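Please look over the protein shown here.

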Amino acid sequence: MSNLNDFNREAKAALWVVLQWLLLAVPTGLVCGAVGTAFHLSVEYVTELRAAQSWLLLCLPLAGLAIVALYKVTKCEGVGTNNVIRAVQSGEPVSLLLVPAIFLGTVLTHLCGGSAGREGAALQMGGSIGWNVGKLLHLSDYVRRTATISGMAAFFSALFGTPLTAALFAMMVEDVGLTFTSAFMPAFTSALIAYGVSLFFGIAPTNFVLNSIPHLTLETALQTALLGIACAAVTRLFCWTLHTLEHGIPKRIPNPWLRAFAGGAAVVAFSYLFGVGRYNGAGMAVIADAVEQGTALPWDFLCKIFLTALTLAVGFKGGEVVPSFFIGATFGCVAGPLLGLPAGFAGAIGLVCVFCGATNALIPSILLGFELFGGQGLELIALGCGVCYMLSGHHGLYSSQTFVTNKLRPEYASHKWRGKLKKKEE
């Protein structure tokens, strides 16, 4: 009888956990899917509008002033992806007003030609929605942190159409070397629901067709490893430039209004110098050309690194992940043939490698390679990711990331732009 009672209690407890996860995952997936779809369509629309009306690039300084005003009104100044990561790590609250602030700020940035992506906005909006859904449902602190992960996964999935990558990325990005495994089912469920919502409204998932895929041999493995080493160097350059300008420019121009206006004018000037349109916005067309057609300019990755770092450092909104796609794809496309790899396939390796090194997310990066390229050449892509991951070190996009190795080798955490990383108690 005692065993039966124990079984009933355990069954009821398990059922309650399932119901709790569904109660969390379903509304989070639906809301993030709807807002993510609206965001995707908005960015797509303003990108097409800017391409048709090139004079909009000249309005970038004014857009910068509007973004500063927007963030002051919503009291979201200084709030970004690092705050969402800390919400997962320690339960730090995330304002719901971050959703309209980052939504409108990113749309304005893309409308007027700032060089930025959109996934930073996705992580921030998704994390904000998830955290506040957890708060609305009066969930515990631990479950609310799971809700934040679910929101991040759902929004990422709605934008890119990669639900498995989205779930694992949201679970693993905050603590490198650890996995918030209990969040998998709610995060993956939310990601699938959001993906379904985006499909319902006609948003096709992001994927590329590779035209030339070499066989896995000792020679191609060595060539890929060398490309991974080169991508690690590019990753370090990208992150160093981002963090240097992010901290350096505000010190030299502390007034946010002046910083946004002058920075916007500088982005416009460099856009005309480098080539109007090629490095503005997310640059998905250039990424597709590099991966599918094997065509890129030798200096593409350097121009994108500089313009993205400048755009984000002066206060414009968006993200760094799609720019990392651009940087990796164009660099790989140019460097790959020098090593004996097909240009398009090397572009695919570069895309995933730089994303991996910049986010310190190995497994999600390998899954991204699977979902973006349909599993083609996955072994070589995974090899390149592994090499880049090892050699890029702790140089990453997000200063709030913590590292398991820091508990054993704290000297690894000493990077001048990071400051002191939080050490988590066992």
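The sections below go from the whole chain to single residues.

## Basis of the model

This is a predicted model, in which local features need pLDDT of at least 70, side-chain atom pairs count only at pLDDT 80 or more, and totals for chains, interfaces and linings use all residues. Residues are numbered from 1 along each chain as its sequence is written, and side-chain values use heavy atoms, with hydrogens and water left out.

## Overall make-up

The protein has 17 helices and two strands. Helices (H or I, at least four residues) and strands (E, at least two) are DSSP runs, numbered from the N terminus. Of the 426 residues, 56% count as buried. Buried means under 20% relative accessible area, exposed means over 50%, and partly exposed lies in between (1.4 Å probe, protein chains only).

Contact means heavy atoms within 4.5 Å. Among contacts with a separation of 6 or more, 79% join residues 24 or more positions apart.

Helix 2 covers residues 60-73. Its 14 residues should span 20 Å at 1.5 Å a residue, and the end C-alpha atoms are 20 Å apart, which agrees. The expected span is 1.5 Å times one less than the number of residues. The buried residues of helix 2 include Leu60, Pro61, Ile67, Val68 and Tyr71. Its buried residues pack against helix 4 (98-111) and helix 10.

Lys75 sits in the loop between helix 2 and helix 3 (81-90). Its phi is near 60°, a positive value in a residue other than glycine. Most residues other than glycine have a negative phi. Lys75 is exposed, with a relative accessible area of 72%.

## Helix 10 and Leu258

Leu258 belongs to helix 10 (residues 256-274). Leu258 and Leu65 are 193 residues apart in sequence, yet their C-alpha atoms are 8.3 Å apart in space. Not counting residues up to four places away in sequence, Leu258 touches Ile253 and Gly263.

Helix 14 is mostly covered: 17 of its 17 residues are buried. At 1.5 Å a residue, helix 14 should span 24 Å, and its end C-alpha atoms are 24 Å apart, which agrees. Asn360 follows helix 14. It lies in the loop between helix 14 (343-359) and helix 15 (362-373). Is Asn360 buried or exposed? Asn360 is buried, with a relative accessible area of 3%. Its phi is positive, near 55°, and Asn360 is not a glycine.

Ser392 is in contact with Asn360 and Gly357, and also with Ala232, Thr235 and Arg236, leaving aside neighbours within four places in sequence. Ser392 is found in helix 16 (residues 378-392). At 0% relative accessibility, Ser392 counts as buried. Ser392 and Cys239 are 153 residues apart in sequence, and their C-alpha atoms are 9.8 Å apart.

## Two threonines

Thr162 lies in the loop between helix 6 (141-160) and helix 7 (163-172). Thr162 has 0% relative accessibility and counts as buried. It touches Phe156, Ser157, Leu368, Glu371 and Leu372, not counting residues up to four places away in sequence.

Thr244 lies in helix 9 (residues 218-252). Thr244 is partly exposed, with a relative accessible area of 32%.

Of its 25 lining residues, the closest to its centre are Thr47, Ala282, Gly283, Met284 and Ala285. Helix 1 (2-52) and helix 11 (284-293) are the elements that give two or more residues to the lining. Helix 1 gives the largest share, seven residues. A pocket is an open set of points on a 1 Å grid over the protein atoms alone, where a 1.4 Å probe fits, with protein on both sides within 12 Å along at least five of seven lines; lining residues have an atom within 4 Å of a point.

By class, the lining has 11 nonpolar, nine polar and five charged residues. Ala, Val, Leu, Ile, Met, Phe, Trp, Tyr, Cys and Pro count as nonpolar, Asp, Glu, Lys and Arg as charged, and the others, Gly among them, as polar. Why does the second largest pocket lie between domain 1 and domain 2? Domain 1 (17-201) and domain 2 (218-403) both give residues to its lining, so the pocket lies between them. The domain bounds come from an automatic or database domain assignment.
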